[in-house]
Amino acid sequence: MRFAFLSLLFAAAAPAAAQTIAITGGMVATGDGGEPVAGTVVIRNGRILAAGPGAAIPAGATVIDATGKWVTPGIVAGFSRLGLSEVDLSGGGSDTSAANGPFSAAIDVAPAINPLASTIAVNRADGVTRAIVAPDIAKSIFAGQGAVIDTGADMDPITAARRFQFVEMGETGAGAAGGSRASAHVLFRNALREASELRRYAVPISSSGTDEPDERSRPVIRDPNESRIMGIGAQRSEDVLLTRFDAAALVPVLQGRQYLLVHVERASDILQVLRLKREFPALKLVLVGASEGWTVADRIAAAGVPVIASAVNDLPSSFEQLAATQSNVGRMAAAGVRVSIGTINDNDTRFLFAQRQYAGNLVALRNVPGATGVSWGEALAMITSRPAEAIGLGGQIGSLLPGRRGDVVIWSGDPLEGMSAAEAVFIDGVQQPLESHQSKLRDRYRYLPRRDLPEAYRH
Amino acid sequence: MRVESIGSVIACALLTACALTPPPRAPAIAINEDPYPSTYERYPGVPTVIRNATIFDGEGGRIDGGSVILADGVVQAVGGAELAAPAGSVEIDASGKFVTPGIIDVHSHLGDYPSPGVPSHADGNEATSPSRPEVWAEHSVWPQDPGFSRALANGGVTALQVLPGSANLFGGRSVTLKNVPARTVQGMKFPGAPYGLKMACGENPKRVYGSKGNMPQTRMGNIALTRATWLKAQAYKRKWDTYQRKGGDMPERDIAMDTLRGVLAGKILVHNHCYRADEMAIMIDVAREMGYRVGTFHHAVESYKIADLLAANGICSAMWADWYGFKMESYDAINENIPFVHNSGACAIVHSDDANGIQRLNQEAAKALADGRRAQINISDEVAWTWLSANPARALGIFEKTGSLKPGKMADVVLWNANPFSVYARPERVWIDGALLYDANDPKRRPVSDFELGQPGEGDVK
């Protein structure tokens, strides 16, 4: 049994990325904060060529009629563990953290991403096209290096590997640091000092100008951090806490060449993180969580540090979230903080599609007296361009501005409404399959009366 | 009940031949089946007329431009513009707004896993034995859980069932509450609501006990232990039924068995945590074998595979819209589960099991409704509202009192500022038994729990 869910499917036999596609007649929202307007979106060679009311349809373009539909950039999961876990509880094979492993900051999620995970297919089918993927901590406050991935149905999921380091500095970090926030802060400083000692040992990765007698005995090094460990005289003091790999992995953080995503919720913890820049001025901080951010929003704004927040946390789930309110995001945004939405510790391996519902809830707050919501356009931006901008990829993904990657979704209606669905999804200009384990089960069990063969034969 | 005369007792004490006469029997002592009775009393309301509203009456009916009259704690009338207002009533113009019965969450842990979620507050699972029917969730409920207020103000939830957790095959008794703040749990208990028994099949019991090297370690162990426990309950029931009929020496009381006896007598409703279709089918047979009924399967993510069986057995399914994959037994969840179950003629309920989800059950229903429509199952908005009020009320045995807007029923009512199936809708006012307990326009009509007083964000909109 199959359903004709898609009226938009076109014969995509040609190499899709090379095609020119014009999506016409839809309500177009570019994802950069503006409200939707009727217009056209043109994708050429996998990139956005033009979007909006004035976009012309190039000759030879494949035209998709999206009349009555909405067209937006694909959703960017602002903070997730997508692709790291097939089943979270007792399912085996979860790669979110390494409880018994020796490494922390050196961990790089990129090799663990499974592009064929069912979670990726489910989220792709709901219009999620990219995800910021962080590892979870194990025994250290440092979780390791996160990646940006796409959800395309292919074997190349990595958009940007080692884009950021993730560290826990609130209650969770305190636990990993042995039991206190004070300990977490000392561990953080110690780690960056250890990284600082390794900084000078870097050698060019491709350099052969060493005293090594035999090139064949040299390891092939592709990660610049590893080159620091292999550099001449890269001895370390015996008074170290981090492994060499972990310390080396923090060098780009220290140098501001890699973003540092810091999870904190409590107002005072937020301010302590902002203060780290006094000691380590090059840090490129991004706050994650920040449930109490609204209470110190002016100071976050003044520091120019972006926030990836949980959208609708409104419970004092812990003593670091006492001031939680759904107005947190709106109030921070109103104070000038650059805010985006993520799913911090909120079923982050699989429910990224919930972000658009959360964004819609923030719009709804505008009609609640005393609450602070956000405009529709800004809400969409918070799940598309804003998270991309927070980690410096705003020029690549998350909007329909010319030159961005061709990640486009055609929706049955307003994408912030839970009742709307993604009807066509393009990633890098390639139209994606929307089938999943779930859609196959739906089709198998749509009609239950017994037939000539068991259900197992319906596929 | 037989009553022996005093005289025969004395005679028996004096005469050796009394062994030939039947021994005297003391009358059976009546067991108090409601030792922690509800002390809930409705708060005062004013006669209220809501006009020009779109009304979902909760039983599948819809009135556009409708009127609802609330007075003396109950729904007085539901109809069109012609309804006459009682003298002295407050009139509310609800043009562009929607009126529904209050949402009822059949699966919550508010109070027994309250916020903040610190270890001291983990009161939902008596995970010390797989069979713990002796525990009662109400003895864990902390009335100061801030989650109750969020469920009211953001979720439009007017009643809820708080259940023990699912670590155990027999988790204990549930309690149904009015979502009205009180100093004690008794002050929240829904008057006259029957008790429920939380049962669980599947992964949780076998994981929790199997990992300790105890039974159950497998699904077959789950069922074996469940059956063995029911056999004990049957024996206990026989003993007590005889005693209550004939009197005599009171059998030893067992609080655990009291609960199971109540189930076998049809007084306590079974709420069975069960994800997989095959396991639900087994539990239906267990119930038949042991002489009880399954009222509702909770977290029933695979109900769609056996919706016909569930319809034939009159069993409700309490479901999420789109939760999936967080454990193996949820791996086959589909977004069309709720509409597929509804479409088969079985009872479908949207539940939360979550302190955040309970604030958006209307949105969860909306997603399921839309997914159903995309699969050519055309259910109207007003019929879909049965998933949120009437069906959970039936599952809890309180439908005669609440769950729909019918004259004489409790005035548990939500005024929404837009169609509640839109993500942009919010409760504007919530009445419970006709008392206005939330008003978005009045910061004084917003509960603040003891826990939140003097804390950052006290009294904020949340």
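## Terms and model

Two residues are in contact if their C-beta atoms, placed from the backbone, lie within 7 Å. The angle between two elements runs from 0 to 180 degrees and is taken between N-to-C directions. The structure described here is a predicted model.

## Overall form of chain A

Chain A contains 13 helices and 16 strands. A compact globule of 459 residues would have a radius of gyration near 23 Å, and chain A agrees because its value is 23 Å. Along the principal axes, the C-alpha atoms of chain A fill a box of roughly 70 × 65 × 55 Å.

Of the 459 residues in chain A, 56% are buried. Among contacts between residues at least 6 apart in sequence, 69% join residues at least 24 apart.

## The eight-stranded sheet

Eight strands of chain A form an open sheet with mixed pairing, in the order E6-E7-E8-E9-E10-E11-E12-E13. Strands E6 (75-80) and E13 (339-342) of chain A stand at the edges; each has a single partner strand, so one side of each lacks a neighbour in the sheet. On average, neighbouring strands of this sheet are turned by 30° against each other, direction ignored.

Within the sheet, E7 (residues 128-133) and E8 (residues 142-150) of chain A pair in the antiparallel sense over four bridges. Val133(A) has Ala147(A) in E8(A) as its bridge partner. Helix H10(A) lies across E6 and E13 of chain A and runs at about 95° to E6(A).

## The side facing chain B

In chain A, 48 residues are in contact with 48 residues of chain B. Helices H1 (118-125), H10 (354-364) and H13 (437-444) of chain A each supply at least two residues of this side. H10(A) gives the most, with five residues. The residues of this side comprise 23 nonpolar, 18 polar and seven charged.

How values were computed
Residues are numbered from 1 along each chain as its sequence is written. Chains are lettered from A and ligands numbered from 1 in the order in which they are written. This is a predicted model: local features need pLDDT of at least 70, side-chain atom pairs count only at pLDDT 80 or more; totals for chains, interfaces and linings use all residues. The radius of gyration is taken over C-alpha atoms; the globule rule is 2.2 Å times the number of residues to the power 0.38. A residue is buried if 20 or more other C-beta atoms lie within 10 Å of its own, exposed if 12 or fewer, and partly exposed in between; C-beta atoms are placed from the backbone. Ala, Val, Leu, Ile, Met, Phe, Trp, Tyr, Cys and Pro count as nonpolar, Asp, Glu, Lys and Arg as charged, and the others, Gly among them, as polar. Two strands pair if DSSP finds at least two bridges between them.
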